[in-house]
Amino acid sequence: MQGAIVWWFRRYFERAPGWVLLTTTGRRTGLPREVLLPCERTRDMLIVLSTYGRRSDWIRNIRHRSEVRVTCAGWVLPAEAEIVEVLEAKRALVTAHPFFVPAPFAVLNFLHRTVLRPFSVAFLRWWVRSRPVVVIRPRRDAAAPPAETRRDG
């Protein structure tokens with residue numbers, strides 16, 4: 001289902017705030033695996049929460065190989081993913097960078113960062129108790145052109 005959504009709305013999700021197309025390497029096949037995820041973008045990193053916890057294939061793939069590729073804000077970048085497991089570190093991340101995980105659209109994110117912030121932060125701090133938080137940092141050693149000029153087949 002998600003593959004069809006990404007296929008139909010790819011151009012939107014490649015640029016939409018609050019979303020990232022994350023490409024991991026399959027731990028068994030070695031093939032690229034792409035997943036659409038809600039995220040919070042900061043100047044230096046992306047923060048992603050795993051809805052299905054440690055059972056998610058993309059989490060398992062990152063555990064096996066932390067090198068990933070992110071497509072967001074019109075860019076395709078090589079990156080390094082770190083799975084954060086320490087509860088206080090996870091809570092500190094979502095407290096500093098709350099976002100509306102179910103549907104991170106600009107209006108909802110704005111509401112959850114302002115008027116609803118106390119409720120959002122409380123929910124996210126509870127939500128991450130049993131779920132990993134992934135911090136993704138672009139690799140500085142390799143620059144990539146914007147997605148619209150880079151089409152590999």
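Glu82 is partly exposed, with a relative accessible area of 42% (between 20% and 50%; buried is under 20% and exposed over 50%, with a 1.4 Å probe and protein chains only as cover). Glu82 forms a salt bridge with Arg137, the closest N and O atoms being 3.4 Å apart (a salt bridge is a side-chain nitrogen of Lys or Arg within 4 Å of a carboxyl oxygen of Asp or Glu). The model is predicted: local features need pLDDT of at least 70, side-chain atom pairs count only at pLDDT 80 or more, and totals for chains, interfaces and linings use all residues. Residues are numbered from 1 along each chain as its sequence is written, and side-chain values use heavy atoms, with hydrogens and water left out.

**Salt bridges**

- Glu82 lies in strand 5 and Arg137 in strand 6, so their bridge ties together parts that are 55 residues apart in sequence. Helices (H or I, at least four residues) and strands (E, at least two) are DSSP runs, numbered from the N terminus.
- Arg137 is partly exposed, at 38% relative accessible area.
- Salt bridges with shared partners join Arg10, Arg11, Glu14 and Glu34 into one network.
- Arg10 and Glu14 are four residues apart in helix 1, which separates them by about one helical turn.
- Arg10 is partly exposed, with a relative accessible area of 25%. Glu14 is buried, at 1%.
- Glu85 and Arg63 form another salt bridge, with their closest N and O atoms 2.5 Å apart.
- Glu85 sits in the loop between strand 5 and helix 3, and Arg63 sits in helix 2, so this pair ties together parts that are 22 residues apart in sequence.
- Both ends are partly exposed: Glu85 has 31% relative accessibility, and Arg63 has 46%.
- The whole structure holds nine salt bridges.

**Overall fold**

- The protein chain has five helices and six strands.
- From the N terminus on, the elements run α-β-β-β-α-β-β-α-α-α-β.
- Buried residues make up 43% of the 153 residues in the chain.
- Of the contacts between residues at least 6 apart in sequence, 66% join residues at least 24 apart. A contact means heavy atoms within 4.5 Å.
- The chain exposes about 8,800 Å², and carbon and sulfur atoms supply 61% of that area. Accessible areas come from the Shrake-Rupley method with a 1.4 Å probe; for residues, only the protein chains shown count as cover.

**Nonpolar cores**

- The largest nonpolar core has 18 residues. Such a core is a set of buried Ala, Val, Leu, Ile, Met, Phe, Trp, Tyr and Cys residues joined through side-chain atoms within 4.5 Å.
- Val20, Leu22, Val48, Trp58, Ile62, Val134 and Ile136 have the most contacts inside this core.
- Two or more residues come from each of strand 1 (19-25), strand 2 (32-41), strand 3 (46-49), helix 2 (57-64), strand 4 (67-72), strand 5 (75-84) and strand 6 (133-138).
- Another core, of 13 residues, lies apart from it and includes Met45, Leu49, Val84 and Phe99.
- Leaving aside neighbours within four places in sequence, Trp58 is in contact with Leu22, Thr24, Val35, Leu37, Val48, Leu49, Ser50 and Val134.

**Helix 3**

- Lys90, Arg91, Leu93 and Val94 are buried in helix 3 (residues 87-96).
- Seen down the helix axis, the buried residues of helix 3 fall within an arc of 160°, so they line one face. The arc is that of the directions from the helix axis to the C-beta atoms.
- Strand 3, strand 5, helix 5 and strand 6 are among the elements that cover these buried residues.

**Surface**

- Met1, Ile5, Trp7, Trp8, Phe9 and Tyr12 make a nonpolar surface patch of about 820 Å². Patches are made of residues with over 30% relative accessible area and no salt bridge: like charges are joined within 9 Å, nonpolar side chains (Val, Leu, Ile, Met, Phe, Trp, Tyr) within 5 Å.
- Ile5 lies in helix 1 (residues 2-15). Ile5 is partly exposed, at 32% relative accessible area.
- Pro118 is found in helix 5 (residues 117-127). Pro118 counts as exposed, at 56% relative accessibility.
- Pro118 and Thr95 are 23 residues apart in sequence and 9.4 Å apart in space, C-alpha to C-alpha.
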